[in-house]
Amino acid sequence: MNIGLGLPIDDPAQLLTWARRADASPFSTLGLLDRLVYDNPEPLVTLATLAGATSRIRVQTEVLIAPLHNTALLAKQTATLDRLSGGRFTLGIGVGGREDDCLAAGIDLHRRGRRLDEQMTLLRRTWSGEPYGEGIGPIGPAPATPAGPEVLFGGFAPAALERVGRFGDGFLGAALPPSFMSNLFRAAETAWQKHDRPGRPRLVAQANVALGPDDTLDRARRNLRDYYAFSGHVEYMEAGLLTTPRQIREAADAYVGIGADEVMLYCWASDTDQIDRLADALF
């Protein structure tokens, strides 16, 4: 079973310690979320730093809000990160949904899906070494992974699942119980088959977790509530936080049972003892 760790965002100074300890553990991947108008570390800069401090574990955005980014620069940044990490980078990507992020980036909230489709065409072209556009040459460096880093699309809308078949390598489903996630996994597989893609999409599930004493769990709940305050579903998200080893084991087994290739455990408390507690619960 491949189990990854979603990194906490409330204390960026701890992330190098998290990465080094996780690299020496059985965990498969380090994931980091993205926001613009929020108190979180920028994911590509941070993951580049963490990749340089590790040798084995993969690094992953989950998910990068691509429409907020300049496309040519994003192509260069992601190829560079893949190259410097030795092909250990996965680009989890999505459209986001916070109006303030779009306002700060100067993009139209209502065109972000179409913008992502345009971006994916340019990203794939650039990673393959082709000219970026008319009158514009190639943008290097070449990524370590042929044709570019692995791309996982996150989201819940049909358009997000359609992108898995059109552009992606797989699907990343977040914060839903296995009974609901199964429907999204099957929809991603259907989109894959619709576009005559060989093999099958890679399927990744994400669950929100925290293990430890009451003060650790209280901090995790505060962090989670603050992050999801925009959504109007704070109570639902807090209720879904897994806080016991048994809950986490059962959820991981259930995700694998519906076809997950990897389960990402997103940690909402920043104490590094989370790593050992989760490893003891799962391995």
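Predicted model: local features only at pLDDT ≥ 70, side-chain atom pairs only at ≥ 80, totals over all residues.
**Largest pocket**

I looked up the volume of the largest pocket and found about 840 Å³ of space. I then listed its lining, which holds 36 residues; V63, R98, G155, F156 and A174 are the closest to the centre. I sorted the lining of this pocket by class and got 22 nonpolar, 9 polar and 5 charged residues. The strands are β3 (58-65), β4 (89-94), β5 (150-154) and β6 (170-174). The helices are α5 (112-127), α6 (158-166) and α9 (234-239).

**Second largest pocket**

I noted about 220 Å³ of space for the second largest pocket. I found 15 residues in its lining, and A175, L176, P177, G240 and Y255 lie nearest the centre. By class, I recorded 12 nonpolar and 3 polar residues in this lining, with no charged ones. I saw that β7 (202-209), α9 and α10 (245-257) each give it at least two residues.

**Strand β8**

I turned to β8, residues 262-267, and asked how many of its residues are buried. The count is 6 of 6.

I then looked up the pairing of β8. Strand β1 (residues 2-6) pairs with β8 in the parallel sense over 5 bridges, and β7 pairs with β8 in the parallel sense over 6 bridges. I followed M264 in particular: G4 stands opposite M264, and M264 is also the bridge partner of Q206.

Conventions. Residues numbered from 1 in each chain as written. Heavy atoms only, no water. 1 Å grid on protein atoms, 1.4 Å probe; cavity = no way out; pocket = protein on both sides within 12 Å on 5 of 7 lines; lining within 4 Å. Points joined across faces, edges and corners; volume = space filled by probe spheres on them. Helix = DSSP H or I, 4+ residues; strand = E, 2+ residues; numbered from the N terminus. Nonpolar A, V, L, I, M, F, W, Y, C, P; charged D, E, K, R; others polar. Buried < 20%, exposed > 50% of the residue type's maximum accessible area, 1.4 Å probe, protein only. Pairing = 2+ DSSP bridges.
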